[in-house]
Amino acid sequence: VIPGGPAAFSCNVAVEDVILCVDGVSVVGETVDDVKRRIVGPEGIPIEVTLRHKRHSGEVKEHVVRLLRQPPVPFPERLSEGPIGLGLDLERMDDGSLVVRKLQNGGAASLSNQIRVGDKIVLVDGIRMNDVGQPRDFSSILKGRPFSRVSLGIVSNGILRNVIGIGSYFQSH
């Protein structure tokens, strides 16, 4: 995933996704160079890519992403090198959950508008936070490579919702 490129900004393409088709044509078995030739094209021309990724639960999911070919825009280097965090200040509660105490300005969580101060993070990539031992540094669970996928189970106002983060961006599911 190229920082600042259409795939990065789509919030639907992550590191380790497998490209299956480009514009409806299977690329399974093709070389990396052949797949690159199918992807690269004139600026402004749409492209449709079918991807497969494995969820943390082990479930395999395929999805189609529609992008517009365009050159990458300048992207802050701090967001394209790893490991990166979510831009959260957290406090561990007695029940093991993590409560958001502060959103760091310009951080992924703040920019996503999907996470709020007071939210409780109860799951990270399917791991229940009350199963993570107290001595373990939970912040390492919340860091990953740029453009990698993270799934958070968040409780807000008594309602559990799933938030998916890719790189520096989040989307609700």
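A salt bridge is a side-chain nitrogen of Lys or Arg within 4 Å of a carboxyl oxygen of Asp or Glu. This tour uses a predicted model, in which local features need pLDDT of at least 70 and side-chain atom pairs count only at pLDDT 80 or more, while totals for chains, interfaces and linings use all residues. Residues are numbered from 1 along each chain as its sequence is written, and side-chain values use heavy atoms, with hydrogens and water left out.

**First stop: E91 and R101**

Select E91 and R101, whose side chains meet in a salt bridge at 2.6 Å, N to O. This pair links distant parts of the chain: E91 lies in strand β5 (residues 88-92) and R101 in strand β6, 10 residues apart. Helices (H or I, at least four residues) and strands (E, at least two) are DSSP runs, numbered from the N terminus. E91 is partly exposed, with a relative accessible area of 35%, and R101 is partly exposed at 43%. On this scale, buried means under 20% relative accessible area, exposed over 50%, and partly exposed in between (1.4 Å probe, protein chains only).

**Second stop: E48 and R66**

The structure holds six salt bridges. For another of them, select E48 and R66, where the closest N and O atoms are 3.1 Å apart. Here too distant parts of the chain are linked, with E48 in strand β3 (residues 46-54) and R66 in strand β4 (residues 60-68), 18 residues apart. E48 is partly exposed at 28%, whereas R66 is exposed at 61%.

Next, select residues 32-39, which form helix α2. R37 is exposed, with a relative accessible area of 57%, and D34 is partly exposed at 28%.

**Fourth stop: the nonpolar cores**

A nonpolar core is a set of buried Ala, Val, Leu, Ile, Met, Phe, Trp, Tyr and Cys residues joined through side-chain atoms within 4.5 Å. Select L88, I115, I121, V124 and L152, the residues with the most contacts inside the largest such core, which has 15 residues. Two or more of its residues come from each of β6 (98-103), β7 (120-124) and β9 (149-156).

Then centre the view on I121. Leaving aside neighbours within four places in sequence, its contacts (heavy atoms within 4.5 Å) include L88, L90, V100, M129 and L152. Finally, select V13, V27, V35 and L67, which are among the members of a second, separate core of 10 residues.
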